[in-house]
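Me: I would like to go through this model and ask, for each label, what stands behind it. Please set the values against the cut-offs as we go.

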Amino acid sequence: MLFWWVRSSLRVLWMKLWGWGLIQPRRVLCWDKKMGTYEKWGWSKDEILMAFRTDPWCMMKSEEKIDTVMDYLVNKMGFETSVVAKNSLLISLSMEKRIIPRCVVFEYCLKKGLVTGWFWSECG
């Protein structure tokens, strides 16, 4: 009975992924490239799959977009890569319209002492 349930669940998942355009013969190589890009930033396979479950569109972004967002959030803002993995929607946001303006406000609040250390433990 369990075998049939697992088989039907996998079939439904496969059909959803196919419908979203995430699994197609030409996209399998893209999937491997994206996995490699996330692994380059220190994400484990479990973190990548968790990010995919949270926001499936994070696997549709280009390697350049992933690198740009991760570089800004990790190297400039000082976020841990695991925080970005838990909040994978950040990968899908626009750098110019959403990420940078919010990070500027966040840095201002840090300088003024409006945000304290509790924020870093609460992220994710």
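Me: Which residues is tyrosine 38 in contact with, leaving aside its neighbours within four places in sequence?

Reply: Tyrosine 38 is in contact with Trp43, Ile48, Cys58, Met59, Ile66 and Ile91, where contact means heavy atoms within 4.5 Å. This is a predicted model, in which local features need pLDDT of at least 70 and side-chain atom pairs count only at pLDDT 80 or more, while totals for chains, interfaces and linings use all residues. Residues are numbered from 1 along each chain as its sequence is written, and side-chain values use heavy atoms, with hydrogens and water left out.

Me: Why is the pairing of lysine 45 with glutamate 39 called a salt bridge?

Reply: The term asks for a side-chain nitrogen of Lys or Arg within 4 Å of a carboxyl oxygen of Asp or Glu; the closest N and O atoms of lysine 45 and glutamate 39 are 2.8 Å apart, so the pair meets that definition. The structure holds three salt bridges.

Me: How do you know that aspartate 67 and lysine 40 form a salt bridge, and where in the chain do they lie?

Reply: Their N to O distance is 3.0 Å, which falls within the limit, so the name applies. Aspartate 67 belongs to helix α4 (residues 63–76) and lysine 40 to helix α2 (residues 25–40), so that the pair, 27 residues apart, links distant parts of the chain. Helices here are DSSP runs (H or I, at least four residues), numbered from the N terminus.

Me: What makes α4 roughly parallel to α7?

Reply: The axes of α4 and α7 come within 12 Å and cross at roughly 5 degrees. Axes are lines fitted to C-alpha atoms, for helices over the stretch in contact, with angles running from 0 to 180 degrees between N-to-C directions. Angles under 35 degrees count as roughly parallel, over 145 as roughly antiparallel, 65 to 115 as roughly perpendicular and the rest as oblique, and therefore α4 is roughly parallel to α7.

Me: Which residues of α4 and α7 make the contact?

Reply: Among them are Leu73 and Lys76 of α4, and Ile99 and Glu107 of α7. Lysine 76 and glutamate 107 also meet in a salt bridge, at 3.5 Å from N to O.

Technical notes
Helix = DSSP H or I, 4+ residues; strand = E, 2+ residues; numbered from the N terminus.
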